[in-house]
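The sequence and structure come before the details.

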Amino acid sequence: MAVSIKSAREIELMRESCKLLEDVFAQMEAIVRPGISTKDIDRLGEKLIREKGCTPNFLNYNGYPASICVSVNDEVVHGIPHKDHILDEGDIVSLDAGLIYKGYHSDMARTFGVGEISEEAKQLIKATRQSFFEGIKMAKAGNHLYDISNAIDAYITPFGYGIVRDLVGHGIGTKLHEDPQIPNFAQKRRGVRLEAGMTLAVEPMINAGRADVEWLDDDWTVVTEDGSLSAHYENTILITDGEPEILTMNGLCE
């Protein structure tokens, strides 16, 4: 497995790509409310990305028909936006998107509450977010890749939640998906040794119920098999000689 090490110039381009994407997310979050359609969110996201002179990297990726993945309630990831899918009070919605800036990709995801949501949903969203931060405590040069996976698992397991096993994080750079794959569940092996200059998309996907998922007939939308809620939290990070740098987080959309 060859994991690319980014040069100083490549890292600067990745930083800018991620900064632009974070701004897109802040503006998408602002319109998440009851009565809006998932297609409205997709239209806004694509418009903002193109206004920045960038390209939505999800659009037509392996045939995906939208720029923003909008997944509601039991939809884990890759929900296809539709004008007739209207958000209701109490829903939770996961937005997953990326863009290409001067040939370099960014990728992030957040789960938001729509209006007032249940305590169960609040806890799921909070725990999923925190599991990311627990994982990246191990994202340091000299550690091993699966130290991240094991830390996410160790944090989530006491909640009794299901950690999605069919979908994982990934390397990122001049391609949206690069080596290595990054599981969110415990591994017996250690994985590659982390080195400064690696850029990774770490993205726990956590179900309130069992871990099992299935694909809908559209061949894209992944849902929980038991109908339970699911949350998703993702950032693009940079491995450094010290603490990891979260490229898609500069104080917004936390």
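This is a predicted model: local features need pLDDT of at least 70, side-chain atom pairs count only at pLDDT 80 or more; totals for chains, interfaces and linings use all residues.

Tyrosine 155 has a relative accessible area of 24%, so the residue counts as partly exposed. Phenylalanine 159 is also given as partly exposed, at 34% relative accessibility. The rings of tyrosine 155 and phenylalanine 159 form a tilted aromatic pair. Phenylalanine 159 also pairs with tyrosine 161, and that pair is stacked. Tyrosine 161 has a relative accessible area of 12% and is therefore buried, the cut-off being under 20%.

A pair of aromatic rings is described by the distance of the centres and the angle of the planes. The two pairs have these values:

| Pair | Type | Centre to centre | Angle between planes |
|---|---|---|---|
| Tyrosine 155 and phenylalanine 159 | tilted | 5.4 Å | 55° |
| Phenylalanine 159 and tyrosine 161 | stacked | 5.4 Å | 5° |

Across the whole structure, the search finds six aromatic pairs. Elsewhere, Phe132, Phe133 and Tyr233 are linked into a cluster by ring pairs. A charged group is also placed over a ring: arginine 165 lies over the face of phenylalanine 185, at 4.1 Å from the ring centre.

Five strands make up an open sheet with antiparallel pairing, in the order E8-E7-E9-E14-E15. Strands E8 (178–182) and E15 (245–246) are at the edges; each has a single partner strand, so one side of each is left without a neighbour in the sheet. E8 runs antiparallel to strand E7 (residues 169–171), and three bridges join them. In one of the bridges, histidine 170 has glutamine 181 of E8 as its partner. Helix H4 (residues 145–156) lies across E8 and strand E9 (199–202), and runs at about 35° to E8.

Terms used:
Residues are numbered from 1 along each chain as its sequence is written. Side-chain values use heavy atoms; hydrogens and water are left out. Two strands pair if DSSP finds at least two bridges between them. Helices (H or I, at least four residues) and strands (E, at least two) are DSSP runs, numbered from the N terminus. Contact means heavy atoms within 4.5 Å. Axes are lines fitted to C-alpha atoms, for helices over the stretch in contact, and angles run from 0 to 180 degrees between N-to-C directions. Rings of Phe, Tyr and Trp (its six-membered ring) pair if their centres lie within 6.5 Å; planes under 30 degrees apart count as stacked, over 60 as edge-to-face and the rest as tilted. Buried means under 20% relative accessible area, exposed over 50%, partly exposed in between (1.4 Å probe, protein chains only). A charge sits over a ring if NZ of Lys or CZ of Arg is within 6 Å of the ring centre and within 35 degrees of the ring normal.
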